[in-house]
Amino acid sequence: MKILHITDLHFKDNTNSIYSINKIIDKIYEENKDKDINYIFFTGDLVFSGKSIDDFRKANEILLRTLASKLKIEKKNVFICGGNHDVHRDQEMSVIKDKLLEIKSEEALNTFLEDHKQYEASLMNIRNYLLFQDEFYNENVLLKDETDEIKDLYTVHKRISGEKIIHVITINTSWRANDSNTDEGKLLFPSKMLKEVILKLPKNDFKILLLHHPITDLKHWNRVLLEDIIYDNFHVMMHGHIHRAMNSSIIKNSDGIVNISTDASLSKINDYEHIGYTIVELDINDMNVKLSKFRIDSDYMSYPNGTQLNLNIPIDENKRELLDFRKKVSRLYESELGKAREIFVSNSDASSSLGDLFSEPILKTSSSTSINSIAKKNDSSKIISVEHIENDFTNNYFIYGKDKFGKTSILYYLYVSYLKNVSKHKVLPIYIDCNIKSNNIGIEDFFIKTYQINKTFFSQLLGEYQIRLLLDNYNKIDTSLKQKVEEFIENNKNVSYVTSLDENILSDFVDIKIDSTTHIKLYIHDLTTTQVRSITKRTLNCDAEKTEDIIVKIKSIFKQLNLPMNYWTVSLFLWIFNNSSEQNFHNNFELIELYIDNLLDRKNIVVDREIKIEYDALKIFLSELAINLVKNYHENNYSIKYADLVRFTEEYKTKNKRFVISTETVIKLITEKGIIKQINEDYYTFRLKGVFEYFIAFYLKDHPETRDEIINDDKVYLSFGNELELVSGFNKRDSDFLSKIFNKSYVLFQPINDGYKSIGNTDEVLINRSTNLTLKLNDYKSGLQSLIKKDDDILNEEFFPIANGTSSGVSAKRIYEKIALVSENLEKVLFILSRVYRNSSVDNEELNNKVLDFILESACNLCFLIIDEKNSKDELDEGFSKVFTNFVPLVIQNFLFDALAQNNLEVIFLDKIKELKETQGNELKIFILYYMIIDLDLKNNKKYIEEVLNYIKINVLRHASLFKLFSLLLFKKYNSEHNKKFIEDAAVKQAKTIDNSRANIESTEKTIRNIGFQSHLKK
């Protein structure tokens, strides 16, 4: 049997449209008049608008009747289905529309359909199409054993083709089409109706399904149910709607069904679409399909579009295996979506979609703290969307981000999104946390275990699918797994990867390689106020006025306290805001403490007598559970079997007689509160990494012997940095703890610090390392100009850092062989000490002074070490090396501001500046301290800009100071026009100290004007 498949006419009753249709009909007839075509399948959008039933009638006469007559096809063998253009929009009551949009389950949809009046009201938008549909099929003259069953949302047709019986079923996927631009993923069709149809049809008869939209345009839960029915029971599915030439024929036989779409027959909207049709030859005996595609050009010439395609319709074992695989993928998607909901700090419920959970991050090809952004003459930094990464299989990607900045969330979003659309995009993803021990299993084994398939079937999939490796924490990968990743990529051509890595000082300069492949480096940047607004609206579901009030509060509190503006801290704030009337905290530690109190519902636990537990006792129990997981369950990624959890709780109760709550009740309580979660079948672990770290720290604050074990053990010290920072928040006045962290850092840094001390003081080393200053001032300004131009859409918003992300789930901490004295490790050592010092309020002036001196000295030497490391290994090209060397002051200042700066340290910094000025060789340290104070509070501390300009004499510091001032203007750090003018004047003054020529002064003033001009345009 031969079928003419056409679609998407979009008929308008005008002369040009009718002329075009007649020309197309002529070409279709000329090409196919001798081919004995038996059927015409038209898959929706007969008219441009369903407003008038007369348009349907005229389109039928002009196109379908004429084609059938010319090709000598019986009227009964012409089939139609409804499309989104066949809808007369906005005819139904808004309450009906809203009610259907809110439906999130098949049960709710069936309940809606059971109310006959509601259901009838929901058909108002397609009333004209339904009237035409009745007219169209009522004209049919059928053979004795042939039938037509016409329903509102589907039709069923039995036809005799030679000696075979075929069933053509049409369904109206446009029932809930409200807006062509936003319908994708929101449509509905009752699976209950399709089940009823299938039950009426003989199991072994040949079945063809016609619909307008790709099945992926339906709501996911609805789509999954329909796919189960369709792929189990139909042999061929045909649809329209797509239009796009590059994707106009989606032809697959790897899902247990042949799925066909064709070019639009008339509606060419843009250059990417084509007028065309498809001839489908079905051999029911051999279960074979031949497809011949044709296009009609602007001169109405018809020509074949590609070679004829031959496909086998999957049957028997092959079909069952493919269907089974599709169902496994669907179950895996639901499972992983559940995990995605768990790792987000939000108020999402079980019905939240992936889009509800995820916010688009800003990903750029340069780091937010990179001096390359300013220093390059022609900065080529680009913003890359997650959607672009998702659809780009020609490139590989490395995504860098700081702790809790959302690296895992990006990879998990990609993973779940690929799983949702495996059949549509033919992409098979695998997510691997490289921080977890691989136990010597290969990448192929990861796939086989994840998808529950055998090696033979996986080999078959390798030939048909794109493979996407999603490698989280790649910088923590062990040698064995790294080798297996590289072998898998080398042996399979259709493999691409996206990896996440921790960002550090050198990330923008050094490449990590995977085999011989190339990749694009991306960095997670701070979000603008626009994106914060979106996150707030989504998280709290509040109106615009309330949202703006919350944003003002966030900006004020976080700026005042210099809290890290990552998604973790802001999400905690929003969660607390939504669940508590108390939002008073003074640092990051107190924010997390308040979050834990609200998470555990402290107020209710205190007053609820039935719980029979004191709040502090519950926290102690959780801290004991956390440390038990650390000590005994590292190999299981800190997950514990339920039976072992019960045993641990019982033993704890035996040792702690006042812990009288029952084992069953306490486990239920901490599960319901979201402290722990069930994973796999019988394992439990802490739900959030940040909460796990909190309770480890809660234990360590009262157990100095365990704390000392961690501090003294080089294998784990660097992996417990967050916990040690939290301990300093619990025990603010513990001078012994601060001393031990300081002594640990001192010993590790001593060889480095002594080495540079032998060269001279920090100023002398800086001058020594930056003597080859070859980049001219105007070159830097050129880089700044490119930064202004490319970022005017983002930088001219009020600059407000907040990164998108998730507090990822718990994974095993890295075990080091030793703390090698390399920059990457020493950066972590210094960061831990800086954060502990920042949290502490130790009443020991000598110790405080000693620690701050050490931090300043070591931060400077750390950057000198990076320069010397990379130069000795030839890992940096000469240009990058010079850039890094000459901007060392900015690198150090950025690092210490992130690690150390806090408002309550301002007086200490000023006292330290005064002390440092008493001796020579401290300009670099003074530069760093001054600009940390200025960054903390520009409004009240701008007077120190004048002091630093007058004090610094070293040329490289003057360069760094100038571009620091440019960045204050560029990122709109000023709070008023008066402050802006002050910074502009300071920049000109600083430029004069570098080069007092008229040309340089004019160039500086031009740069300042360009920054201001971009801001004016934005306003």
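I count two strands as paired if DSSP finds at least two bridges between them. Helices (H or I, at least four residues) and strands (E, at least two) are DSSP runs, numbered from the N terminus. This is a predicted model, so I kept local features only at pLDDT of at least 70 and side-chain atom pairs only at pLDDT 80 or more, while totals for chains, interfaces and linings use all residues. Residues are numbered from 1 along each chain as its sequence is written, and side-chain values use heavy atoms, with hydrogens and water left out.

Entry 1: I began with β10 (residues 275-283) and β11 (residues 288-296), which run antiparallel and are joined by 9 bridges. Thr 278 faces Lys 293 in β11. The hairpin of β10 and β11 has 4 residues between the strands, and there I found Met 287 with a positive phi near 50°. On to β13 (residues 309-312), which pairs with β11 in the antiparallel sense over 4 bridges; here Leu 309 is the bridge partner of Leu 291.

**Entry 2: the open sheet.** Next I traced an open sheet of 6 strands with mixed pairing, in the order β4-β5-β6-β7-β8-β9. Its edge strands, β4 (147-150) and β9 (258-261), each pair on one side only. Neighbouring strands in this sheet are turned by 15° against each other on average, direction ignored. For such angles, axes are lines fitted to C-alpha atoms, for helices over the stretch in contact, and values run from 0 to 180 degrees between N-to-C directions. At one end of the order, β8 (residues 236-239) and β9 pair in the parallel sense over 4 bridges, and His 239 stands opposite Ser 261 in β9. I also saw helix α6 (residues 127-138) lying across β4, β5 (154-161) and β6 (164-171), at about 170° to β4.

**Entry 3: α15 and α17.** In α15 (residues 443-451), I listed Ile 443, Phe 446, Phe 447, Ile 448 and Tyr 451 as the buried residues. Just after this helix, Gln 452 has a positive phi of about 55°. How do α15 and α17 (residues 479-491) cross? Their axes come within 8 Å at roughly 85°, and the two helices are therefore roughly perpendicular (65 to 115 degrees; under 35 is roughly parallel, over 145 roughly antiparallel, the rest oblique). Ile 443, Glu 444, Phe 446 and Phe 447 of α15 make the contact (heavy atoms within 4.5 Å) with Leu 481, Lys 484, Val 485 and Phe 488 of α17.

**Entry 4: α26 and α28.** The axes of α26 (residues 689-702) and α28 (residues 721-730) come within 8 Å and cross at roughly 55°, so this pair is oblique. The α26 residues that meet α28 include Tyr 694, Phe 698 and Lys 701, and among their α28 counterparts are Leu 726 and Phe 730.

**Entry 5: Phe 982.** My last stop was Phe 982 in α42 (residues 977-994). Is Phe 982 buried or partly exposed? Partly exposed, because its relative accessible area is 24%. Leaving aside neighbours within four places in sequence, Phe 982 is in contact with Lys 942 and Ile 945.

Technical notes:
Buried means under 20% relative accessible area, exposed over 50%, partly exposed in between (1.4 Å probe, protein chains only).
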